[in-house]
Amino acid sequence: MIKKLASLFLAISMVLALHTPSFAANDTDFQKINTYQPGQFSDVSATDWYAENVKITYEYGLMTGKSNNLFDVGGNLTVAEAVAIVCRLHNAYNRNNADFGAASPWYQPYVDYAKANGIIERDYSYAAPISRLDFAFFISNALPDAAMPKLNEVAQNDIPDLYAGSPCQDAIAALQGTGVLEEVSTSRLQHLSTVICGSIGTIPSSKEQEAVYRLYRAGILTGNDEHGTFAPETNITRSAAAAIVSRVVEPSLRKHIVLTKKAPELVPVSQLANLPSVKERASSEQFALAYEEAKRIVDPIRGLSREAQLCAIALATRVIAEKNITYSMESAHYADPYGFFVDHSASCAGCTRATGLCLNMLGIPYEHVNENAFSHQWTRVNVNGTYWICDAYGLYCGPEQVPYQHPRF
């Protein structure tokens, strides 16, 4: 009888084994380990868009505050903090029970773990803000495909600012064959791009690009607009990081997206953001002629990233200046776009307003630095939270190193 019962129990166990799902370590859900109290962080209100994200990342033990009562939602996530987050993700997902105890510096155990598990391959400036590109790369390295199944169809090259080359290279490619850069030797164009744009633009490796596409396809990253603009080189705030990380651990928060490649229409004259300033002394008829000339630069670059658009405008206006412009502070329209594009006589003020016209046509507002002053003038532009200078006469297009100071003057 006992033998029969044992045989029956074994048979039942075998049947159950066939029909009960296997819960290997890599298949388990993330586990909540902390309790979040409403009002725990003074800078997180229940009505804030990121409130639920902060709560989730805290409950799962992935992010904590800068102090017991401050999350620092607007502060930049540092590389060290990002490494800690992805190590906690990897450790929790794989149930490694790693010890990230006290150390000096505090992040060293996380760095050691990340290197040992292939999450990072080199050293970084750990106290510095992390770029969106590096953060995406770290997250992708931390988790297998099973943790990030495909949710969205995002084809290669759909993300507009994940460069095939640098922003400057993308700008040149877009302007080739338009007549704007013609009659300029390849060597001169290369020299101008180096002098004006320098080494702007991290060119993501194939691994980095694939990491970003993987997170878009999983619905963890969504981009900054309907086109999926990613802004790979910009810093990421702690609130934005919490939003991303919460989508990793809570699949229900992942986003369905459909990216559109339609380039935005050019802004008409009447709606230009800086119209009174950019028009200066030009009549409506003259300004309309300048607008038509500026289209030669602007129309081909409508679909580029902001960084590439600024590089294109700076390069194109510099080429025009070298080919056709006579520098003047006395001609009738030396300070407006008509003088630059039509009369071919302009000072730095005219170049600034010609640049500003191109920017406005793309929907980009700007500041006219030193407007109406007897000193060098240029455009100052907010590019995804970082201020850039775009200045053909001053031979510089790139991030502003000191607010309102030009690196060449």
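**Close-up 1. Contacts between helix 3 and helix 4.** V83, A84, C87, R88, H90 and N91 of helix 3 meet Y110, V111, Y113 and A114 of helix 4, contact being heavy atoms within 4.5 Å. Helices (H or I, at least four residues) and strands (E, at least two) are DSSP runs, numbered from the N terminus. The model shown is predicted, so local features need pLDDT of at least 70 and side-chain atom pairs count only at pLDDT 80 or more, whereas totals for chains, interfaces and linings use all residues. Residues are numbered from 1 along each chain as its sequence is written, and side-chain values use heavy atoms, with hydrogens and water left out.

Close-up 2. Helix 3 and helix 4 pack at an angle of about 55°, and their axes lie 9 Å apart. Axes are lines fitted to C-alpha atoms, for helices over the stretch in contact, and angles run from 0 to 180 degrees between N-to-C directions. Helix 3 and helix 4 are therefore oblique to each other; angles under 35 degrees count as roughly parallel, over 145 as roughly antiparallel, 65 to 115 as roughly perpendicular and the rest as oblique. The crossing of helix 3 and helix 4 is left-handed, a term used if the near helix is turned anticlockwise from the far one by less than a right angle.

**Close-up 3. The largest nonpolar core.** Among the 68 residues of this core, F135 and F138 touch the most other members. At least two core residues come from each of helix 2 (51–59), helix 3 (79–94), helix 4 (108–116), helix 5 (132–142), helix 8 (206–217) and helix 9 (238–249). The greatest contribution is that of helix 3, with ten residues. A nonpolar core is a set of buried Ala, Val, Leu, Ile, Met, Phe, Trp, Tyr and Cys residues joined through side-chain atoms within 4.5 Å. Buried means under 20% relative accessible area, exposed over 50%, and partly exposed in between (1.4 Å probe, protein chains only). Leaving aside residues up to four places away in sequence, F138 touches V79, A82, V83, V86, I119, I120, Y124 and I130. A second, separate core has 56 residues, including V184, F287, L310 and L362.

**Close-up 4. Helix 6 and its surroundings.** Helix 6 (residues 167–175) is largely enclosed by the rest of the structure, because seven of its nine residues are buried. These are P167, C168, D170, A171, I172, A174 and L175. They pack against helix 7 (186–197), helix 11 (284–298) and helix 12 (306–324). After helix 6 comes G177, with a positive phi near 85°.

Close-up 5. Three bridges link strand 3 to strand 4, where H368 stands opposite T379.

Close-up 6. Strand 4 (residues 378–383) and strand 5 (residues 386–391) are joined by five bridges, and T379 has C390 as its bridge partner. Two residues lie between these strands, and N384 takes a positive phi near 50°. C390 also stands opposite C397 in strand 6. The hairpin of strand 5 and strand 6 has four residues between the strands, with L395 in the turn at a positive phi of about 55°.

Technical notes
Two strands pair if DSSP finds at least two bridges between them.
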